[in-house]
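Here is a short briefing on one protein structure. It is set out by topic.

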Amino acid sequence: MKDYVIFTDSCADFDEKMVAELGLQVKPLTFTLKDKEYANWPDGRDIAFPEFYKQLREGGISTTSQVNVADFIESFRPVLAAGKDILYLGFSSGLSGTVNSGKLAAEELRAEFADAKIIVVDTLAASLGQGLLVWHAVQQKNEGQTIDAVAAWVENNKLNMAHWFTVDDLNFLKRGGRVSGAAALFGTMLNIKPILHVDDEGHLIPMEKVRGRKQSLNALVGHMEKTAIDADKQVVFISHGDCLEEAEYVASEVKKRLGVKKVYINYVGPVIGSHSGPGTMALFFLASGR
């Protein structure tokens with residue numbers, strides 16, 4: 001079987017240790033904060049994640065940029081030149097044009113490397129939901145599955161990757177057009193917290209409202225209780241916007257209420273965090289549907 005390399009991008013929200021363990025190549029998206037551009041590296045080499053969220057809390061506004069075609073070509077070409085194939089599992093096309101840049105790069109490189117396979121999959125996923133799909137793909141690769149079999153598994157299972165989010169500050173969703181200015185104002189006054197998910201088209205969609213932070217965290221676990229497939233056998237991922245203690249609370253609840261054995265926790269990276277803000281909490285697991 002021909003060897004292949006799994007690529008993803010930084011919106012999978014892995015830390016550097018997980019990237020190394022999984023043997024991934026990660027393309028960073030970029031963001032601009034206080035007129036300075038940074039790359040969203042998994043190890044936070046350009047700006048530490050706590051510092052990024054500190055600046056947001058102090059009123060800093062961050063804008064984001066996708067990976068362009070030339071950047072993908074630069075990273076893909078040496079792998080192909082070494083005789084390996086490529087599987088790129090990309091950030092939802094419903095939230096970014098990054099995966100489409102990857103597709104354009106693949107088309108261009110196929111003319112140069114006619115015998116190579118370059119497969120690009122739009123995961124329609126975000127943050128550690130994308131990351132959990134990548135994690136499963138690597139497990140299959142390590143078990144000896146071909147690039148085609150792994151790509152097919154991701155395509156066939158990506159709409160079973162549940163994403164349940166809540167945010168602590170509605171003003172970040174207001175800036176992104178997810179809630180109206182009036183809803184953000186009154187929601188903040190009444191301590192209303194939205195529960196959101198990523199739908200089958202890869203868009204972030206508000207689903208319900210609860211009052212109070214603790215209720216919003218419990219609501220995420222409640223959705224897992226309703227829809228998870230064999231929860232006690234799953235690896236579950238949780239990402240957070242600089243609120244580790246609350247992420248650990250959610251982890252303890254899924255272990256207690258669903259018997260989950262393994263939970264991986266990491267930051268919501270700066271690119272997604274630019275739009276969701278400090279205090280974001282997200283829970284990811286395989287379910288009967290998103």
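The points below cover the nonpolar cores, one threonine and the salt bridges. The model is predicted.

**Nonpolar cores**
- The largest nonpolar core has 37 residues. Ile-6, Phe-14, Leu-24, Leu-87, Leu-89 and Phe-237 touch the most other members.
- Helix H5 (residues 127-142) gives the most to this core, with seven residues.
- Another core, of 34 residues, lies apart from the largest one. Cys-11, Leu-33, Ala-105 and Ile-118 are among its members.
- Beyond its neighbours within four places in sequence, Leu-89 has contacts that include Ile-6, Val-121, Val-134, Ala-137 and Val-154.

**Thr-280**
- Thr-280 sits in the loop between helix H11 (270-276) and strand E13 (281-286).
- Thr-280 is buried, because its relative accessibility is 0%.
- Its side chain makes a polar contact with the side chain of Ser-276 at 3.1 Å. A polar atom of the Thr-280 side chain also lies 2.8 Å from the backbone oxygen of Gly-277.
- Leaving aside neighbours within four places in sequence, contacts of Thr-280 include Phe-165, Ser-239, His-240 and Cys-243.

**Salt bridges**
- The whole structure holds 14 salt bridges.
- Lys-84 pairs with Asp-3, with the closest N and O atoms 3.8 Å apart. Lys-84 lies in the loop between helix H3 (69-81) and strand E6 (85-90), and Asp-3 in the segment before strand E1 (4-9), so the pair ties together parts 81 residues apart in sequence.
- Asp-43 and Arg-45 form a salt bridge at 3.0 Å, N to O. Asp-43 is partly exposed at 35%, whereas Arg-45 is exposed at 52%.
- Glu-225 and Arg-257 form a salt bridge, their closest N and O atoms 2.9 Å apart. Glu-225 is in helix H9 (residues 213-227) and Arg-257 in helix H10 (residues 244-258), so the pair ties together parts 32 residues apart in sequence.
- A network of salt bridges links Glu-225, Glu-253, Lys-256 and Arg-257.

Conventions
Residues numbered from 1 in each chain as written. Predicted model: local features only at pLDDT ≥ 70, side-chain atom pairs only at ≥ 80, totals over all residues. Heavy atoms only, no water. Helix = DSSP H or I, 4+ residues; strand = E, 2+ residues; numbered from the N terminus. Buried < 20%, exposed > 50% of the residue type's maximum accessible area, 1.4 Å probe, protein only. Polar contact = N/O pair within 3.5 Å; in protein donor to acceptor, adjacent residues only side chain to side chain. Contact = heavy atoms within 4.5 Å. Core = buried A, V, L, I, M, F, W, Y, C linked by side-chain atoms within 4.5 Å. Salt bridge = Lys/Arg side-chain N within 4 Å of Asp/Glu carboxyl O.
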